[in-house]
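Open your viewer and get ready to select residues as we go.

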Amino acid sequence: MNVEGIKAIYFNEMRRTRNTLLQSIVSPVLSTALYFVVFGGAIGSRIQSVEGVDYGLFIVPGLMMLSLLTQSISNASFGIFFPKFTGTIYEVMSAPMSFFEVIVGYVGAAATKSLIIGTIILITAAFFVDLRIAHPVWMVAFLVLTCIAFSLFGFIIGLWADNFEKLQLIPLIVITPLVFLGGSFYSIDMLPEFWQKVTLFNPVVYLISGFRWSFFEVADVPVGLSLAMIAGFLVLCLGIVWWMFKTGYKLRS
Amino acid sequence: MNPTSEPIIRVRGLGKRYANGFTALSNVDLDIKEGEILALLGPNGAGKTTLISTICGLVEPTSGSVTVGGHDIHKNFREARSLIGLVPQELAIAPFDVVANTVRLSRGLFGLARNDVYIEELLGRLSLGDKMGNIMQQLSGGMKRRVLIAKALAHEPRILFLDEPTAGVDVELRKDMWAIVEQLRADGVTIILTTHYIEEAEEIADRVGVIAKGRIIAIDDKVNLMSRFGRKQLTIELRDPCDSVPATLEPFSLERSSDGRRLVYSYDTRADRTGITSLLQALNSAGLQLKDLSTTQSSLEDIFVDMVASDNDGAVE
């Protein structure tokens with residue numbers, strides 16, 4: 001096991017984050033604050049509560065998931081895309097590192113960064129609402145699993161993309177709609193019956209529902225199912241990455 | 001260098017066919033001795049970079065095997081790769097990285113613990129001592145190339161690959177580059193460089209391999225290669241100019257200079273009989289008086305052009 005190699009990639013990626021602190025940290029804090037002003041303040045004053053939870057509070061888990069998913073994907077995809085773009089990937093590919101070690105380095109750093117952002121959003125939220133977390137351990141478990149699974153997914157996108165447009169494509173046209181339609185800002189009970197059924201095909205519904213349960217014990221779908229879905233997504237991403245590296249997809253000719 | 005020792009790199013039957021059907025390497029055999037400087041010479045698209053990339057693990061071969069320091073590059077990729085440093089042809093750099101950090105990253109990737117003393121000493125040796133804190137994109141092209149060398153040497157490898165190290169580099173830097181290579185050789189590092197500047201190979205290498213169309217068509221000590229493949233020219237200066245080459249000298253295919261004062265005889269140094277003795281006798285019989293004699297040997301460049309051209313008829317070996 002090349003532990004030094006993993007550390008080298010991990011800390012190099014984390015250093016990159018420090019260099020772009022404004023973009024990495026300040027921007028999610030700012031957008032969280034804006035969501036609270038608009039959704040919690042303006043709209044929330046008319047909705048009062050959802051399933052017994054104050055609306056401003058209700059949107060916290062969804063808001064965190066929205067940032068975690070988009071940040072995990074963009075961090076991880078950019079992390080591996082940039083060395084491919086500049087050509088510096090040759091060094092990683094010719095180093096005595098297994099593909100597993102390379103992934104641990106890149107995905108570990110991207111997931112860590114998302115975790116930090118998630119935590120910052122949670123702290124920011126505490127300034128706007130009276131925060132309570134019913135199952136903190138489960139909350140952290142959901143948080144960590146989501147960060148890892150979606151960082152892996154981002155890594156796949158970064159490997160697959162061979163230009164900047166492709167890099168942005170999946171997050172913009174797939175992930176953002178799925179998150180917005182996944183019950184970030186509402187309970188799916190509030191939808192017409194037909195759309196309640198349709199929305200069950202959206203994997204993000206299970207993530208947000210499970211995560212929200214860990215806060216308020218309120219869920220759209222059984223929490224076990226949520227956990228199974230995220231674990232399944234993680235395994236699927238691992239499988240795809242394993243296949244990519246085994247075949248040298250877009251890395252080795 | 002010990003000629004009887006095991007080669008540090010052994011390539012056997014190596015072939016690479018890209019997905020688009022292009023055959024970049026076919027059945028390459030190559031032994032590289034520890035401590036030598038081997039220059040791989042060939043025109044663009046000959047397969048030099050593919051050969052290097054395959055040994056370094058960047059290109060998956062279609063057939064054949066490679067061992068580095070006795071380790072198979074697939075089965076024991078960690079041991080094999082740990083021995084190798086690679087300086088790529090392209091100036092591949094992360095533009096926003098600090099010089100010292102990017103060299104530290106390279107050392108870490110190869111599994112070695114951080115060693116700032118070594119990194120500082122290495123950068124100093126490459127005249128980058130005062131650039132350690134600079135961001136890569138602030139450096140000139142020559143400086144960037146030095147950083148790439150520093151990155152390749154960050155894990156103290158025993159083998160260094162330099163892929164077209166002086167392509168697009170000014171004369172000054174090229175000289176510096178060769179000074180660095182000389183120093184590495186003194187440290188016992190095996191160096192494999194690719195180039196299409198023949199004078200480079202001629203100046204610096206111990207052995208020269210010529211690649212064309214994915215095959216090594218000749219490989220030998222530089223001196224042997226030149227004498228093996230070299231043609232020599234014997235220039236005969238005459239005391240009195242001659243109007244034409246005498247009929248008795250026709251078998252020697254002499255070239256006569258326009259002023260008739262010089263005759264040039266081309267011969268192959270590989271041939272058992274060069275024909276010089278009989279030529280001199282024939283000149284004497286023809287009554288021509290000699291003023292002076294001189295010989296010149298064809299450069300590696302001439303040899304190279306000859307070989308690549310004749311490769312259409314098959315291997316030269």
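Begin at the largest cavity, which holds about 60 Å³ of space. This is a predicted model, where local features need pLDDT of at least 70, side-chain atom pairs count only at pLDDT 80 or more, and totals for chains, interfaces and linings use all residues. Residues are numbered from 1 along each chain as its sequence is written, chains are lettered from A and ligands numbered from 1 in the order in which they are written, and side-chain values use heavy atoms, with hydrogens and water left out.

How is such a space found? Rolling a probe the size of a water molecule over the atoms shows where empty space is left. On a 1 Å grid over the protein atoms alone, a cavity is a set of points where a 1.4 Å probe fits but cannot get out; a pocket is an open set with protein on both sides within 12 Å along at least five of seven lines; and lining residues have an atom within 4 Å of a point. Grid points are joined across faces, edges and corners, and a volume is the space filled by probe spheres set on the points.

**Stop 1: the cavities**

(Helices, H or I with at least four residues, and strands, E with at least two, are DSSP runs numbered from the N terminus.) The lining has 5 nonpolar, 4 polar and 2 charged residues. Here Ala, Val, Leu, Ile, Met, Phe, Trp, Tyr, Cys and Pro count as nonpolar, Asp, Glu, Lys and Arg as charged, and the others, Gly among them, as polar.

Next, select Arg125(B), Leu126(B), Leu153(B), Ile180(B), Gln183(B) and Leu184(B), which line the second largest cavity. Its volume is about 40 Å³, and helix H6 (residues 171-186) of chain B supplies the largest share of the lining, 3 residues.

**Stop 2**

Now for the open spaces. The largest pocket contains about 1100 Å³ of space. Its lining has 47 residues, and those closest to the centre are Arg16(A), Asn75(A), Phe78(A), Gly79(A) and Phe82(A). H3(A) provides the largest share of this lining, 11 residues.

The second largest pocket has a volume of about 480 Å³. To find its centre, select Gly87(A), Ile89(A), Tyr90(A), Ser53(B) and Leu58(B), which lie nearest to it among 22 lining residues. H1(B) gives the most to this lining, with 4 residues.

**Stop 3: a buried leucine**

Select Leu167(A), in helix H7 (residues 164-180) of chain A. Is Leu167(A) buried or exposed? Leu167(A) is buried (under 20% relative accessible area, with exposed over 50% and partly exposed in between, using a 1.4 Å probe and protein chains only), at 5%. Leaving aside neighbours within four places in sequence, Leu167(A) is in contact (heavy atoms within 4.5 Å) with Ser77(A), Phe78(A), Phe81(A), Ile157(A), Gly158(A) and Ala161(A). The C-alpha atoms of Leu167(A) and Phe81(A) are 8.0 Å apart, although 86 residues separate them along the chain.

**Stop 4: the largest core**

Finally, select Ile9(B), Val68(B) and Phe161(B), which touch the most other members of the 148-residue largest nonpolar core. Such a core is a set of buried Ala, Val, Leu, Ile, Met, Phe, Trp, Tyr and Cys residues joined through side-chain atoms within 4.5 Å. Helix H3 (residues 55-86) of chain A gives the most to this core, with 13 residues.
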